[in-house]
Amino acid sequence: MANTVIDVHEISRTFGTKRALDRVTFRATEGKVYGLVGANGAGKTTLLKHLLGLLRAQSGSVRVFDRDPVRDPVGVLSRVGYLSEERELPEWMRVDELMQYTQAYHPTWDAAYARELLDTFALDPSKKIKELSKGMRAQAGLVAAVAHRPELLILDEPSSGLDAVVRRDILDAIVRTVADDGRTVIFSSHLLDEVERMSDHVTMMHEGRVTLNGELDDVRRRYRRSRVRFVEAFDRAPVLESALAMEGGGRMWSVVHSGPSEEFRLSVLTHGGEIVESRDATLEEIFLARAGRSRQPVEAA
Amino acid sequence: MDISINLADGVPIYKQIVNQVRYLAASGALAPGEELPPIRTLALQLKVTPNTIVRAYDELEAAGVIHKRRGSGSFVSDVRHSPLADTERQRIIEQRVDSLLAEAHHLNFTADDVLRVIRDRRAVMERRSTAMTEK
């Protein structure tokens, strides 16, 4: 049985009148990659900040390595690597000073690994942070986040606004963290194909709540995407049993629906249609269907 | 190793890897005794979580397509002439036929229509190759 790394139980958090987290429960075990998805403002960053002890839970409990990150920040943060979307780095420092500064907090700092990464990224150690491009800042932040070989790597929208080369560097860091003696990664991203490739486990948030949570392959198996052909043409999507979202028009419609498929098949049949093709839905299709963002949402589903 | 991942076809990634390695081994493109890339290398190449590769290799080992050697890597077993290769050949052709039938259905062809087209096309190809040899 793998060790529990993160154990968040029923935490809630409000900012003013806005409910940022609403009874969120989340667990992570050693050696896996956890993908966190949701629209902007869904609560992903707020959840991650609770893991880092940057926010205190108003109700519920947060345990990381079986410690409270607010009461024992050193005990938690020394074992954690963190990269945020804003990449809040001290502007006035040089790259090598940032490395020394970060190293001071982390007894497990691997100087050779840090050098290797700086070389790979072709980062000039004598450059000031404020002189770096957006991509180079992300790379510098990444080295600072992983060079102490953290047991838990937390990445908040690490790929946001970056080009393909730096995005690959970040994905490589995730792979290395997990492949080398089974450490744990949790990352949030709006790039669903990235999450689908990199995650063992996916958590979907919407308006402060966890709306979907499970092993990626299990989550995907729960949803199907089918193409349906009807005898008669429909101007508006017909209301089908267990359908979450429909796109198309006339006689051909593409439907994202939940299982069991038999219920769906019968419903299609009673509308004078047949399923032409059916497969597991992709994470993107599930996400859009669940977020009700598909062009033709089915209200009564 | 020449493997590509397609997120749009709805097949779990580990399964796509399993299917493609099976195919490469059955077709001889992966020779018996050849070593598969280490988990980390393939994960980096395909940009997938290493656990997906672990799962794919485990399934390939359980199916007898590869074998692991203690302290080293995973190696391709000789599956070219085993019953497994026949199952695999059958599976590959069935997949092709399934998608052909789905496409045909979409275009309002019956299965009999498809059979007729297959026979016609074979006749055309045979005529062509006879013409080639006569030249």
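Two residues count as in contact when their C-beta atoms, placed from the backbone, lie within 7 Å. By that test, 18 residues of chain B are in contact with 22 residues of chain A. The model is predicted: local features need pLDDT of at least 70, side-chain atom pairs count only at pLDDT 80 or more, and totals for chains, interfaces and linings use all residues. Residues are numbered from 1 along each chain as its sequence is written, with chains lettered from A and ligands numbered from 1 in the order in which they are written.

**Where chain B touches chain A**
- Two or more residues each come from α2 (39–46), α3 (50–62) and α4 (83–106) of chain B. Helices (H or I, at least four residues) and strands (E, at least two) are DSSP runs, numbered from the N terminus.
- α2(B) gives the largest share, four residues.

**The sheet in chain A**
- Six strands form an open sheet with mixed pairing, in the order β5-β6-β7-β3-β8-β9. Two strands pair if DSSP finds at least two bridges between them.
- β5 (80–83) and β9 (209–215) of chain A are the edge strands, each pairing on one side only.
- β5(A) runs parallel to β6(A) (residues 152–156), over four bridges.
- In that pair, A:Tyr82 stands opposite A:Ile154 of β6(A).

**Helices on the sheet**
- Helix α1(A) (residues 44–51) packs on the sheet and touches β3, β6, β7 and β8 of chain A. Its direction makes about 150° with that of β6(A). Axes are lines fitted to C-alpha atoms, for helices over the stretch in contact, and angles run from 0 to 180 degrees between N-to-C directions.
- Helix α10(A) (residues 283–290) lies across β3, β8 and β9 of chain A, at about 20° to β8(A).
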